[in-house]
Amino acid sequence: DIKLKPDLVNFTFDGSEKIRLDIQEATDEIALHVKEIAIKNHTIVLKAGSTEVKPEAVTYSIKDATVTFKFEEMLPVGEAELELEFFGLLNDQMAGFYRSGYKDITGASKIMASTQFESLDARRAFPCWDEPGRKAVFGLTLVVDTGLTALSNMPEKHRCYLDGGAKMEVAFMDSPKMSTYLLAFIVGEFDFIQAQTSHGVLVRVFAPPGRSKDGQFPLEVAVKALDGYDDYFGLPYPLPKLDMIAIPEFAAGAMENWGLVTYREVDLLIAEGASRKQMQRVCIVVTHELAHQWFGNLVTMNWWDDLWLNEGFASWCENYMAHEIFPDFAMWDQFTSDTQAAAMRLDSLRSSHPIQVPIKHAEEVEEVFDAISYCKGASVIKMAHAYLGADAFRSGLQAYMQKHKYSNTETSDLWAAWSTASGCKVNELMASWTEQMGYPLVTVKSFNGSEVELEQSWFLADGSEVKKEEEKIWKIPIICKGQKPVLMEAKTQKISVPKSDFLLINAGRQVPMRVLYSDETYSQLATAIQKGQLSVSDKAGLVLDSFALAKSGHLGADKVFKLIASFRSERNFIVWDAISQALTGFDTVLMAGVSDPTYAAFKAFVSKLIADAAKEVGWEKKASDGHLDGLLRETLINMQSKYSVDPEAMAEAKRRFDAFMAGDASLLPDDIKEPVFKMALKSGGKKEYQALRNLQAKATTNIERKHVYVTIGHTADIALKKDVLDWVVSGDIKIQDFFYPMGSVAASSKEAAALTWDYYKSHFDRIWSMCKTASPSLMDAMISLSARGFSTAEAAAEVEQFYKEHPLKQNQRTISQLLEGIRTNAAFLNRILKTPVIEESFWKSL
């Protein structure tokens, strides 16, 4: 039982708590987690029956973030109650119990308080056992200023007024048995809208004052998703209400606190006219967090080395439920160029890690909230779904939930449930995917029309040699259209396939692997593409595979450009999304390392490639547009902003920009704001730059500010780019967002990439001071974006030396991955320079 009294003026809080204990072994000490909390020693008392005992010594360990109460005599076995009082700080680091600034409905600046406890920050709010395997029932009481809204995981139990009505005490119903990191509480001013699910759960969306209507879309998604998950998991949502709330300052995208889910504003609220991209983002963040209400909250990993069980499964579910609610989003096709692509980019590095990564010290978990835990986790779950079949997959999942509800599990518990449901040895299948890092390259050695010989090896982005002792074997479901999956279990294996004019391994992209075909097979696939015989996800996968194979030296870059050139008549967003990713990968290395004429020829090729599709899709929304049409328009105009040499496109962007700045918002919908801003900045000067700075200053929503942050660095003037970097460290941008403008400068040109890195080095102490006690993810973003344009061995050596001189313990994995990424790009550049790509005649032939 916890009572907290936050002071929103002095940024402190007082607290008291009573913890019911079961002392199972005689002991003379009790240790709890605390961080930035001061306990009032004279209040500590342990009650066992009629006996009251005070500790003789209280010691803190800063290193372990613990407090230990040492008692004079051994405490007896049995039930007891520990009471104490404490106080702490409402910090501004978006961790623990922290404060955020916002504006009320009159525009006045105000302060609210909210929580973010995952992974290790409940200890910043109250003394506790801050580990996922330690579950308890929580009873919370808040004492707050009258007129403020107080929220927690559970509904209100009662309230009473204190101090002549100036304060109110709000007590909440007891929570279900849950892990400490899922407790949440919030104090501030909010408006809300609400609805009820078909199964009787009250759902509310809380928004800043005056913006409740922006919660309508996520409310509709949440209502459908809760009912959908009830049915899919076979267990009803166990709480009486579900609140979702937009927090003004928030380090992650969202947090799945049971019954009180917290979000970044841009990941929850949808204003009228929002882009399809943002609508889709809000949809999948909501469906992700609500999946956690079962997978993570009801059934929780026992320790952080199984974090992927939470995040990988929620990342699979976000796509499953979004597809159920909005089939036209084509989320399973998008999975190929989004979730699976992100997983495979990171997992092709030697500095990657297994899905199940050993966590010796809890602090290490911050390093694995990444594309391996989320995206690769989701990818291997998608593979399991394809291999086991939908019915066995679901029934095994329901049995797992039923058996382990309100308790903790390990990965093997899920494998056991699926094995029972399917009759397959799931542990043997999945171990090679979750216990070893990386993924396979499957090479077609021979194909006679009905039988294919395949060979598997470890795929590495840099194409480096895999030594004998490093070799890995995966159990790979080989999926060909028209037949059940066949398991490849050996280094080389012959597999019978249905007779066809072409060979397609990994149909539907169900397995996270690369496939290398022979020249003859590639020719057959090219013909199949022209005849419309390949699915959207297979076409997207072929593009992404070919780029990755070129980068690793298995395929010539010239062949990839020829493949991409064959997609001129393509009009599907998902295929263009894959093409855009491949071209961005080429752009990074070509911009950094080839001659100006070659880089200009590359940009001219892309400009020509997208011209017909861009013209057909146009700048204006059409009545006939579906969801993917809107995303395609945004993608193509964004590609024009990056590559186009067409003066008409630049003129159109300027016309729309000028009209928008003059007050006509109709010509610049949210879908195309960012590319139009970039084009206006690139062709303009100080006037356009200042117009965007003014726009940001007057913006009333975070999405409006973000449009500026991610584009402002594309101003053509190098002095203005420097001004953007000064803005980054000025303190005027909330630290949840301050990496965006730096990233936009670094991506804008070769010279700007060097400028950004030099600026980052010279202002490192300032940047580190802004991030050091916040979530490590903020510093990870700064590390990655500050050197994002580098593609030479010299640059890698310089970056490596800098971090030797400025070691960042919590960000070591990100630094390793950055360095490997730069060196991989450098090797890629050297390979490109040995192909026809550097010849003018090559580009003319496309």
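Analyst: **Starting at one phenylalanine**

Phenylalanine 447 has a relative accessibility of 24%, so it counts as partly exposed (buried is under 20% relative accessible area, exposed is over 50%, and partly exposed is in between, with a 1.4 Å probe and protein chains only). Keep in mind that this is a predicted model, where local features need pLDDT of at least 70, side-chain atom pairs count only at pLDDT 80 or more, and totals for chains, interfaces and linings use all residues. Residues are numbered from 1 along each chain as its sequence is written, and side-chain values use heavy atoms, with hydrogens and water left out.

Phenylalanine 447 belongs to strand E25, residues 440-447 (strands are DSSP runs of E with at least two residues, helices are runs of H or I with at least four, and both are numbered from the N terminus). Leucine 503 is 56 residues from phenylalanine 447 in sequence, yet their C-alpha atoms are 8.2 Å apart in space.

Now for the rings. There are 57 aromatic pairs in the structure (rings of Phe, Tyr and Trp, the last by its six-membered ring, pair if their centres lie within 6.5 Å; planes under 30 degrees apart are stacked, over 60 edge-to-face, the rest tilted). One of them joins phenylalanine 657 and phenylalanine 677, with centres 6.0 Å apart and planes at 90°, so they meet edge-to-face. That pair links distant parts of the chain, since phenylalanine 657 sits in helix H16 (residues 647-661) and phenylalanine 677, 20 residues away, in helix H17 (residues 670-683). Phenylalanine 657 and phenylalanine 677 are both buried. Phenylalanine 802 and tyrosine 803 are edge-to-face too, as their centres are 5.2 Å apart and their planes at 80°; both are buried.

Arginine 514 has its charged end over the ring of phenylalanine 459, 5.7 Å from the centre (the rule asks for NZ of Lys or CZ of Arg within 6 Å of the ring centre and within 35 degrees of the ring normal). Arginine 204 lies over the face of phenylalanine 192, 5.6 Å from the ring centre.

On to the strands. Eight of them make an open sheet with mixed pairing, ordered E5-E4-E8-E2-E1-E12-E15-E14 (two strands pair if DSSP finds at least two bridges between them). E5 (51-53) and E14 (156-162) are the edge strands, each with a single partner, so one side of each has no neighbour in the sheet. Inside that order, E12 (residues 140-145) and E15 (residues 167-172) run antiparallel, joined by five bridges, and valine 143 has glutamate 169 in E15 as its bridge partner.

E9 (residues 96-103) is mostly covered, with six of its eight residues buried. Eight bridges tie E9 to E10 (residues 109-116), again antiparallel, and arginine 99 partners alanine 113 in E10. E9 and E10 form a hairpin with five residues between them, and glycine 107 in the turn has a positive phi of about 95°.

Last, the cysteines: cysteine 128 is buried at 4% relative accessible area, and cysteine 771 is buried at 2%. The disulfide count is zero (a disulfide being a pair of cysteine sulfur atoms within 2.5 Å).
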